[in-house]
Amino acid sequence: MRQNHLIAVAAICLALIVYATLVKLAGRPALVGHAQAYWVVVIERFSAYGLLGFLLSFLLPGRIRLACAFVIAVAVALEVFQAMTPDRDPRLIDVLQKAAGGAFGVILAQTILAFLPRPPS
């Protein structure tokens, strides 16, 4: 049952990331307002992908490469799709920020999993 909850939360997180990335700029959710500082946007990206990577790590324990590859693939794919949205501009620095956040989330979760006690088999 716990696995189903993790899948649902990860799917919701991914759906929110897709929405925030591909919606027109006027409809994009913002933490502080539409005229927010650049560092706030960087923290938003890093945190969102970090959470996604964290959740994926719990779904794929011990599979660091697979979880990282998935998060990075999502970041790259969404930036490419963002090029098709008229008022959005894809940039390499955005992909790097998102990939770094995702990789950080994966590594953090894998570190936590390494210290958790294993259930008896």
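Tutor: The lining of the second largest pocket consists of Arg 2, Phe 58, Pro 61, Gly 62, Gln 110, Leu 113, Ala 114, Leu 116, Pro 117, Arg 118 and Pro 119. A pocket here is an open set of points on a 1 Å grid over the protein atoms alone, where a 1.4 Å probe fits, with protein on both sides within 12 Å along at least five of seven lines; lining residues have an atom within 4 Å of a point. The model is predicted: local features need pLDDT of at least 70 and side-chain atom pairs pLDDT 80 or more, whereas totals for chains, interfaces and linings use all residues. Residues are numbered from 1 along each chain as its sequence is written, and side-chain values use heavy atoms, without hydrogens and water.

The space in this pocket comes to about 270 Å³, a volume being that filled by probe spheres set on the points, which are joined across faces, edges and corners. By class, seven lining residues are nonpolar, two polar and two charged; Ala, Val, Leu, Ile, Met, Phe, Trp, Tyr, Cys and Pro count as nonpolar, Asp, Glu, Lys and Arg as charged, and the others, including Gly, as polar. Helix α4 (residues 92-115) gives the largest share of the lining, three residues. In the protein there are four helices and zero strands, where helices (H or I) are DSSP runs of at least four residues and strands (E) of at least two, numbered from the N terminus. The order of elements from that terminus is α-α-α-α.
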